[in-house]
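My entries follow in the order I made them.

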Amino acid sequence: MKIIISESREEFNGTAADIVRRQIHDKPDSVLGLATGSTPLGLYNLLVCMGIKGDLDFSRIKTFNLDEYKGLSRDHPQSYYHYMYENLFSKINIRDENVNILNGEKADSYRECAEYEKRIKASGGIDLQVLGIGHNGHIGFNEPGTPFDSITDLIDLTDRTIEANSRFFDSPHQVPRQALSMGIKTIMQARNIILLITGGAKARIAAKALRGSITPDVPASVLQLHPFVTVILDKESAAYL
């Protein structure tokens, strides 16, 4: 595990973007696993800029998103489908048929999850997975206690995750109680992983995940077992390392 502590937000975003840039340059038909939330926004902004300048070509790239809320329509402003097109896909030359995002509107969520696993395998697997971390150590929506051998599935969200995500909704009551998410085993099968962590509120869980015991109680701790993980933190989130 390689740990990089950035001195500024510009350095943080630039370091992450450079890893993605190198991946695409080395393999123009790379399969990328992508995350949502506030943390990767700076990364996506830089990738858009690189695409506009002609430094990156996304025309052969395939993507798989980590997760999606159960029950939200794809045009809902808080759906991750909407997030990805608003912040990245509509601004780069990626082909719509190469974009894969779990569909939270499907009546049979379990079938949707099984089909997603098949599509990942059919693509040849994920070359580079971008991750964030939740306040309780979740990756994707894999909450504490999720078995390390879990694959893409329908997840019940904890009260703490619902509370943390309520800032994006008008009230906590509007936050979906379930989500479809890549499993921990699915994430760990990616060939390379970058974990992005920012803010003092994530400092304690970052220390537990990166330096503590490897336990399902802290789902992100499993990343200590992956051979090719780069963790990028700002100074605030690295306070207890």
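I count a contact when heavy atoms lie within 4.5 Å. The model is predicted.

Entry: From H1 they are Asn13, Gly14, Ala16, Ala17, Val20 and Arg21, and from H2 they are Gly42, Leu43, Leu46, Leu47 and Met50. Sorted by class, this contact of H1 with H2 holds seven nonpolar residues, three polar and one charged.

I then looked up the geometry. H1 spans residues 9-26 and H2 spans residues 41-53; their axes come within 9 Å and cross at roughly 55 degrees. The crossing of H1 past H2 is right-handed.

Entry: the sheet. I traced an open sheet of seven strands with parallel pairing, in the order S1-S10-S9-S6-S2-S3-S5. S1 and S5 (99-100) are at the edges with a single partner strand each, so one side of each has no neighbour in the sheet. For one pair I checked the bridges: S2 (residues 31-34) and S6 (residues 128-131) run parallel and are joined by two. Leu32 has Leu128 in S6 as its bridge partner. H1 packs on this sheet and touches S1, S2, S6, S9 and S10, with its direction at about 160 degrees to that of S10.

Entry: helix H7. Which residues of H7 (residues 203-211) are buried? I found Ala203, Ile205, Ala206, Ala207, Ala209 and Leu210. Their cover includes S1 (2-6), S9 (192-197) and S10 (229-234).

Methods
Residues are numbered from 1 along each chain as its sequence is written. This is a predicted model: local features need pLDDT of at least 70, side-chain atom pairs count only at pLDDT 80 or more; totals for chains, interfaces and linings use all residues. Side-chain values use heavy atoms; hydrogens and water are left out. Axes are lines fitted to C-alpha atoms, for helices over the stretch in contact, and angles run from 0 to 180 degrees between N-to-C directions. Helices (H or I, at least four residues) and strands (E, at least two) are DSSP runs, numbered from the N terminus. A crossing is left-handed if the near helix is turned anticlockwise from the far one by less than a right angle, and right-handed if clockwise. Ala, Val, Leu, Ile, Met, Phe, Trp, Tyr, Cys and Pro count as nonpolar, Asp, Glu, Lys and Arg as charged, and the others, Gly among them, as polar. Buried means under 20% relative accessible area, exposed over 50%, partly exposed in between (1.4 Å probe, protein chains only). Two strands pair if DSSP finds at least two bridges between them.
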